[in-house]
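Here is a short report on one protein chain. Keep the sequence and the 3D view open while you read.

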Amino acid sequence: EEMALSVEPLFEDPENGEFYKRAFAYMTEPERMISFHVPWMDDAGVLHVNRGWRVEFSSALGPYKGGLRFHPTVNDGILKFLGFEQIFKNALTGLPMGG
């Protein structure tokens with residue numbers, strides 16, 4: 001929301017405003033979200049299952065950059081934020097990678 005508010009003046013541009021709106025809408029949704037389960041057995045023989053996540057946000061600048069998340073408090077919103085933040089960080093620093 002904060003990002004949308006900061007770029008909102010661009011949406012009012014009479015010449016390119018519609019383009020900026022479409023581009024922003026495209027950028028705010030990841031290209032792909034993958035969730036998976038990882039079963040494992042501890043030393044006592046107890047079976048555990050962890051959920052893993054990977055968000056692939058944008059490959060416009062190059063291959064995806066990022067990793068996997070396994071923490072139990074992670075949710076879709078946190079992952080989308082991290083991926084969105086990564087694409088801007090890469091773009092601003094000139095790193096030819098997506099997020």
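How much accessible surface does the protein chain have, and what share of this surface belongs to carbon and sulfur atoms?

## Surface and charge

The accessible surface comes to about 7100 Å². Carbon and sulfur atoms account for 59% of that surface. Keep in mind that this is a predicted model.

The protein chain carries 9 positive and 14 negative charges.

## Overall fold

The protein chain has 3 helices and 2 strands. Their order along the sequence is α-α-β-β-α. The radius of gyration is 18 Å, well over the 13 Å that the globule rule gives for 99 residues, so the protein chain is more spread out than a compact globule.

Along the principal axes, the C-alpha atoms fill a box of roughly 65 × 25 × 20 Å. Of the 99 residues, 22% count as buried. Contacts tell another part of the story. Take those with a separation of 6 or more: residues 24 or more positions apart account for 46% of them.

## The nonpolar core

Which residues make up the largest nonpolar core? The set has 10 residues in all: V7, F11, F24, W53, V55, F57, V74, L79, F84 and I87. Helix α3 gives the most, with 3 residues.

Is G83 buried or exposed? G83 counts as buried because its relative accessibility is 8%, and the cut-off for buried is under 20%. P30 sits 53 residues from G83 in sequence. In space, the C-alpha atoms of G83 and P30 are 7.7 Å apart.

Q86 also has its place in helix α3. Its relative accessible area is 15%, so Q86 is buried. From Q86 to F57 the separation is 29 residues in sequence. Their C-alpha atoms are 8.6 Å apart in space. F57 is itself one of the residues of the largest nonpolar core.

A23 lies in helix α2, which spans residues 17–27. At 25% relative accessibility, A23 counts as partly exposed. That class lies between the limits of 20% and 50%.

How far apart in space are A23 and L79, C-alpha to C-alpha? The distance is 20 Å, and the two residues are 56 residues apart in sequence. L79 belongs to the largest nonpolar core.

## An exposed loop residue

Where is A60 found? A60 is in the loop between β2 and α3. A60 counts as exposed because its relative accessibility is 67%, and exposed means over 50%.

I87 is 27 residues from A60 along the chain. The C-alpha atoms of A60 and I87 are separated by 9.1 Å. I87 is among the residues of the largest nonpolar core.

Methods. Residues numbered from 1 in each chain as written. Predicted model: local features only at pLDDT ≥ 70, side-chain atom pairs only at ≥ 80, totals over all residues. Heavy atoms only, no water. Buried < 20%, exposed > 50% of the residue type's maximum accessible area, 1.4 Å probe, protein only. Helix = DSSP H or I, 4+ residues; strand = E, 2+ residues; numbered from the N terminus. Rg over C-alpha atoms; globule rule 2.2 N^0.38 Å. Contact = heavy atoms within 4.5 Å. Areas by Shrake-Rupley, 256 points an atom, 1.4 Å probe, with all protein chains shown as cover. Lys, Arg positive; Asp, Glu negative; His and termini not counted. Charge placed at Lys NZ, Arg CZ, Asp CG, Glu CD. Core = buried A, V, L, I, M, F, W, Y, C linked by side-chain atoms within 4.5 Å.
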